[in-house]
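Please look through this report on one protein chain. It moves from helix packing to cores, and then to some individual residues.

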Amino acid sequence: MNYIEILKQNENLSSVPEGDLDWLLTSGETIQLKKGDFIFRPNEPADHFIFIFTGGFRIYIEQQNAQREITRIMPGEITGVLPYSRLKTSTSFGQALEDSSFIQVHRSHFVEMITAHHALTEALVHHMSSRIRNLTTITMQNEKLMSLGKLSAGLAHELNNPAAAMVRSSSTLLRHLKLIPEHFKNVLSMRVDLKAVEEVSALIFEMVQRSPAALGLLERSQRENELSGVLDNCSFEGDTVETAEELVEFGITPEDLERLCGITGDKAFEPVLKWIIDNLTTERVVGEINESAVRISELIGSIKEYSHMDSVKDRQAVHINQGLKSTLRMLKHKANGKSVEIVEDFDVSIPAVMGFPGELNQVWTNLIDNAFDAMETTGGQVTIKTIFCDPFVDVYITDTGSGISEDIMSKIFDPFFTTKAMGKGTGLGLDVVNKIIMHHRARIDVNSKPGKTEFKISLPVDVQNGK
């Protein structure tokens, strides 16, 4: 096998002089591995530059006793440690997909490479920069997809509720609109005088403006019995039980019915009451439809606000309270599902900070979602607090969950580290949070004990354009 030609075909090494490539081969060791063998494992020293000649390797991590594949290294690709790299130990498994061969060069040869083989060093450093850039991009994209996954199910649920309510209410409205002409005709046939019409109109206006009182089960049952009694006394021939239940929903009292009966008399009482019920039903249903439409509009507004669809991509003034509130609205379903109480303690006087709102919302999503996950059982409390401590805006996200044990506290910001089961987390959330915090020249601190875990993010107010 002509190893020099294989090295030349690599896009990163194609411009490197043959003498440098020959030095690489003579300084290194050619290794043969069988299918299933490991080229490296977690926590082993990362001491070698590696170039794959044949075969290939799958790179994966273990997460809750399950394997999560990160990538694959195929023939002609470079892995391992590179000149000027700060990598000390492996963080993943590299396992041969088939019988494979590669060359490895120990880092002890890097000093000679840097001093005597400049073209080779330059090519490998350039490759390292590209690898870091590509890995960062992939990491950010993966975490964005995870964030989207966290939100999409909840959004579907949140949007479905008001949409379903609108469908139900519109069906009810359509049914009652068909009844109104018949009931109105019955009212006209009673030939009610103008004074009575005005009094009935005034009564209806009072009923519409009144907010129905909340009644307990016993109070409700007693009210229904009282209303049924008045209906019987006013010669109501319909279903008094069903009608009484409906009247309670509208907050109509026995005194209202007696007043109506006094205005209309027994003969006109029933058709006028049915006509009133139709009008109140229409009023209520239109209100329900409007409330559902407003809820949908608010959710869409939250989505736009959260993702900043209409925003520029440069640094801008970010209102932290607003971003936190929109994030909480997006995650409301999860809090409800776990019966978590959310306490909002926002300082309304905090100034805006200069930053990237989409990135900061990703920070809030990860930290608040993790706080919900910290509740091992249903119940618990998550407190979101903001305060201005010149020159910083401080954000506190505190949960009453099980806490973070001391043995893993130092690892929580490491890429791919997670205590969640496969499919529940990538281990990238806090790593991305840390990168975004650094991008904003900010600071994140963690304090944890059983029953209280607090993340504190301090954002400088005056950081603009990287200054």
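## How two helices meet

Angles under 35 degrees count as roughly parallel, over 145 as roughly antiparallel, 65 to 115 as roughly perpendicular, and the rest as oblique. Axes are lines fitted to C-alpha atoms, for helices over the stretch in contact, and angles run from 0 to 180 degrees between N-to-C directions. Helices (H or I, at least four residues) and strands (E, at least two) are DSSP runs, numbered from the N terminus.

This is a predicted model, in which local features need pLDDT of at least 70, side-chain atom pairs count only at pLDDT 80 or more, and totals for chains, interfaces and linings use all residues. Residues are numbered from 1 along each chain as its sequence is written, and side-chain values use heavy atoms, with hydrogens and water left out.

## Helices α9 and α11

α9 and α11 pack at about 50 degrees, and their axes are 9 Å apart. The two helices are therefore oblique to each other.

Which residues of α9 and α11 make the contact (heavy atoms within 4.5 Å)? α9 gives Ile320, Gly323, Leu324, Ser326, Thr327 and Leu328. α11 gives Leu360, Asn361, Trp364, Thr365 and Ile368. By class, six are nonpolar, five are polar and none is charged. Here Ala, Val, Leu, Ile, Met, Phe, Trp, Tyr, Cys and Pro count as nonpolar, Asp, Glu, Lys and Arg as charged, and the others, Gly among them, as polar.

## Helices α6 and α7

Helix α6 (residues 217-233) packs on helix α7 (residues 240-249) at about 120 degrees, with axes 8 Å apart. This pair is therefore oblique too. α6 crosses α7 in a right-handed way. The contact residues divide into six nonpolar, three polar and six charged.

## The cores

In soluble globular proteins, nonpolar side chains tend to be buried together. A nonpolar core is a set of buried Ala, Val, Leu, Ile, Met, Phe, Trp, Tyr and Cys residues joined through side-chain atoms within 4.5 Å. Buried means under 20% relative accessible area, exposed over 50%, and partly exposed in between (1.4 Å probe, protein chains only).

The largest nonpolar core has 39 residues. Ile320, Trp364, Ile368, Phe455 and Ile457 have the most contacts inside it. Helix α11 (357-373) is one of the elements that give two or more residues to this core. Its share is the largest, at seven residues. A second, separate core has 26 residues, including Val200, Phe236, Cys261 and Val272.

## The whole chain

The protein chain has 13 helices and 15 strands. Of its 467 residues, 44% count as buried.

Most residues other than glycine have a negative phi, and most peptide bonds are trans. Asn43 has a positive phi, near 75 degrees. Asn43 lies in the loop between β2 (38-40) and β3 (48-54). Asn43 counts as exposed, at 67% relative accessibility.

Tyr84 also has a positive phi, of about 70 degrees. Tyr84 sits in the loop between β6 (78-80) and β7 (93-96). Tyr84 is exposed, with a relative accessible area of 56%. The peptide bond from Asp390 to Pro391 is cis, with omega near 10 degrees. Pro391 is in the loop between β12 and β13.

Note on methods. Contact = heavy atoms within 4.5 Å. Left-handed = near helix turned anticlockwise from the far one by under 90°.
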